[in-house]
Amino acid sequence: MKKAIAYIRVSKARDGMITQDTQLEKIKQYCKLQDIELIDTYIDLDYSGRSSNRPAFQKLFQNIKRDNLDADYLMVYKLDRFARSVTDFHNYMKVLDRHEVNFVSITQQFDTSTPIGRLIRNILVDFAQFESEMTSERVKDNLLRNAANGQWNGGTTPYGYRLTDEGLEINEKEAEIIKQFYSWYLEPGGSLNQIAQRVNKAKIKSSNGKTWAPSRIGEVLANPLYCIADQEVIAYFEKQDIEVFNQEAVDGKKALLRYNRRKSRNEVGALRDKSKWLIAVAEHNGIVSSDLYIKTQRKRDRRANRPSRAGTGVKGLLAYLLKCSDCGKAMTYYSSTKTLADGSKKNYSYYKCRGRNMGEMVCKGQSTKAEYAENLVIARLKELCKKDNLSKEIGNLKNELQESITLLENKAEEINAKLKKVNAEEKNLISKLKKLSSEHLITIIEEEAEELATKRNKLELELQSIDSQILEHSNELYSEEFLRSQLDLFEDNFDTMNFEDQRNLLQSIIKKINYDQGKVDIEYYF
């Protein structure tokens, strides 16, 4: 005889509510008709279906994942008793599929053991993908709107500038250092390592008060934020199929801004293809000429296309993740082959701190055998997947994000109400102006209108900022779902994956790994 588990959820009491007794009785009747034995029941009372962070629900899936339940079916009264989010439904369906548990909604003829049930499930999975793509489109629309105006997206104030009420303003002292970076790089033998050693020896700190890393200098040299916009540099980007917005704002002073370069956390790799980048003439002024910027990019391109030195290259499983705890710099993968006394060859691979490239005043450089560090990290991840309260931790983070979104939406409603009031007051003033002939009264009302316009602009900027925050939180909300699925993928398939897939999977789960004399401290994306 086939066996089944029942899951029952009841929201807070209200008229017309389907009680737990009603749900259970209907499931029992269905089991009796289908000759199925009901072996266990999980019940959540006073819990909303909007969140999967429900005690009985989480316990049920922990038992399923550990194969503690000998059941053929998971039964619910209706689909919305199980989940209301398509993404939640999709993720938990994958768990049921992996453990060969069929899903049945008894009142909706939804049974994944049948062809029609599997069809409906696949349609819902497609909707989950659609939901994800719509989030990406909203992010892109936001980027396009900002790019059209050359608007800076905020964040850490870039070195060479200070932030004022008017936007980014050139910091003359730091701007001279930026110019030096470009000049030093274009000198014969100029390199990122050489610049880092020169600037650190001179005890010139970065904007966050730290020493300069070669990679950070490389970011400065590559960033069009410092380049004065003109037709020459616009043509340079357009030849690379990069769209340039706001070209009418070119005035011989304004710089450029780059959008849509980095991928979101749930995408493989760090950077998007250049054809997907967006460049715009910015609101702030540039520091270096387009000629200097373009020459620098061409030298960097030539160096990037040179063959790698023997023993170097991004081949390590922990590439981009492993950092030295002493200086915070990346630990680079190296490998070499040595011929032994008997003529046989042996491969050696290890990670070594890049801080040594910046001089001993920064870091003497740690190193470790690659196999040791990689095995340590994999073992730690396997322990994490077995952690009893992991789902609860991710669920709590998801709830926090949802609460933040709700608070921001409430604030947006308040601002919209204020805007409506300001617009009504402006309309009223315009009506008054049409009826007045006194110059004195007209002047007073015009001053009031200017104050209202200032107030309206301030509210609109505040609303735009809130919209951006809501968009960011919404994207993070999806990323938490993605992270849970990536951990499931690691637990079930990591050992059988090819090397590239293993490395990409680790980069989607782990933000950073600090290495400290044989120990690792892992920072995850939650």
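This is a predicted model: local features need pLDDT of at least 70, side-chain atom pairs count only at pLDDT 80 or more; totals for chains, interfaces and linings use all residues.
**Notebook: rings, a sheet and a helix pair**

I began with Y159, which counts as buried (under 20% relative accessible area, with over 50% exposed and partly exposed in between, 1.4 Å probe, protein chains only), because its relative accessibility is 3%. Residues are numbered from 1 along each chain as its sequence is written, and side-chain values use heavy atoms, leaving out hydrogens and water.

For ring pairs I took Phe, Tyr and Trp (its six-membered ring) with centres within 6.5 Å; planes under 30 degrees apart are stacked, over 60 edge-to-face and the rest tilted. By this rule I get 16 aromatic pairs. One of them is F57 with Y92, with centres 4.8 Å apart and planes at 80°, so I logged the pair as edge-to-face. F57 is buried at 1% relative accessibility, and Y92 is buried at 13%. Back to Y159 and W212: their centres are 4.9 Å apart and their planes at 90°, so this pair is edge-to-face. I also noted a cluster in which ring pairs link Y7, F57, F61, F82, Y92 and F103.

Then I turned to the sheet. Helices (H or I, at least four residues) and strands (E, at least two) are DSSP runs numbered from the N terminus, and two strands pair if DSSP finds at least two bridges between them. Five strands make an open sheet of mixed pairing, in the order β2-β1-β3-β4-β5. β2 (36-45) and β5 (110-111) are the edges, each with a single partner strand, so one side of each has no neighbour in the sheet. β3 (residues 73-76) and β4 (residues 102-105) run parallel, joined by four bridges, and L74 stands opposite F103.

My last stop was α7 (residues 192-201) against α8 (residues 214-222): the angle is about 110° and the axes are 8 Å apart. Axes are lines fitted to C-alpha atoms, for helices over the stretch in contact, and angles run from 0 to 180 degrees between N-to-C directions. The two helices are therefore roughly perpendicular (65 to 115 degrees; under 35 is roughly parallel, over 145 roughly antiparallel, the rest oblique).
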